[in-house]
Amino acid sequence: MSSPRAIIQILITGTRILGKAFYEAGRQAAKNARSPAAGSVGSDVAGVGNASSSSITDQLTRQHRMTLDEAHLILNAKREEEMGNILKQYEHLFKANSPPPPPSKPATAPKARSTGQFYSHYLQSKVVRARERIEAERKMPVEAEVEAVGQKTELSSSSQPPPPPPPPGSGGTH
């Protein structure tokens, strides 16, 4: 077998192998595109897609697009921590990710690179959203109690006649 003929056969065989590999990869990509993976939730944040019940916590998770655990992780806070400490942590992280203030007057010397002055609008927005999520969760029991008291008052007032007015002459002042 001559050398050029062997080289041509190697090229043809290699092309066939690569062609089959690309063909199979394309088929697999098309198959993956048609059906989502078993554990994935699409573009949802982790846990948001699983918030399917009508509970208040699940509604808050969908509204804020963040689970309560994720909010605590972002702000580096524990669940039972006081709101004051959480707000201190929020302020620290918000300031750490905010852009530096503009210089007061232009420098005449060539600009030197600032060291360690990086900011991220994305991280800043995540910190804000985490604070909002925790605040919403903390307000939830208070609002639920107010609704429950309102419903009890509504039920009791609708089932019983209003109390009689006080007799005249008893002004109630002592």
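Analyst: Just after helix 2, R65 takes a positive phi of about 55°. Helices here are DSSP runs of H or I with at least four residues, and strands are runs of E with at least two, numbered from the N terminus. This is a predicted model, so local features need pLDDT of at least 70 and side-chain atom pairs count only at pLDDT 80 or more, while totals for chains, interfaces and linings use all residues. Residues are numbered from 1 along each chain as its sequence is written, and side-chain values use heavy atoms, with hydrogens and water left out.

User: How many helices and strands does the chain have?

Analyst: Five helices and zero strands. Along the sequence, the pattern reads α-α-α-α-α.

User: What share of the residues is buried?

Analyst: Buried means under 20% relative accessible area; exposed means over 50%, and partly exposed lies in between (1.4 Å probe, protein chains only). Of the 174 residues in the chain, 16% are buried. The chain exposes about 14300 Å², with carbon and sulfur atoms supplying 59% of that area. Areas come from the Shrake-Rupley method with a 1.4 Å probe; for residues, only the protein chains shown count as cover.

User: Which residues of helix 2 are buried?

Analyst: Helix 2 covers residues 56-64, and its buried residues are D58, L60, T61 and H64. They span an arc of only 160° around the axis, so they sit on the same side of helix 2. The arc is taken from the directions from the helix axis to the C-beta atoms.

User: Which residues make up the largest nonpolar core?

Analyst: Such a core is a set of buried Ala, Val, Leu, Ile, Met, Phe, Trp, Tyr and Cys residues joined through side-chain atoms within 4.5 Å. The largest one has twelve residues: M66, L68, A71, L75, A77, I86, Y90, L93, V127, V128, A130 and I134. Helix 3, helix 4 (83-96) and helix 5 (121-159) each give two or more residues to this core. Helix 5 gives the most, with four.

User: What does A71 touch?

Analyst: Contact means heavy atoms within 4.5 Å. Leaving aside residues up to four places away in sequence, A71 touches M66, A130, R133 and I134. Across the chain, among contacts between residues at least 6 apart in sequence, 58% join residues at least 24 apart.

User: Is H72 buried or exposed?

Analyst: H72 is buried, with a relative accessible area of 7%. H72 belongs to helix 3 (residues 68-74). Not counting residues up to four places away in sequence, H72 touches A77, K78, R79, I86, I134 and R138.

User: How many aromatic pairs does a search of the whole structure find?

Analyst: Rings of Phe, Tyr and Trp (its six-membered ring) pair if their centres lie within 6.5 Å; planes under 30 degrees apart count as stacked, over 60 as edge-to-face and the rest as tilted. The search finds one pair. Y90 and F94 form it: tilted, 5.7 Å centre to centre, with 40° between the planes. Y90 and F94 are four residues apart in helix 4, so about one helical turn separates them. Y90 is buried at 13% relative accessible area, whereas F94 is partly exposed at 30%.

User: What lies over the face of Y90?

Analyst: A charge sits over a ring if NZ of Lys or CZ of Arg is within 6 Å of the ring centre and within 35 degrees of the ring normal. Here R131 lies over the face of Y90, at 4.7 Å from the ring centre.

User: Where is N76?

Analyst: N76 is in the loop between helix 3 and helix 4. Its phi is near 55°, positive in a residue other than glycine. N76 is exposed, with a relative accessible area of 60%.
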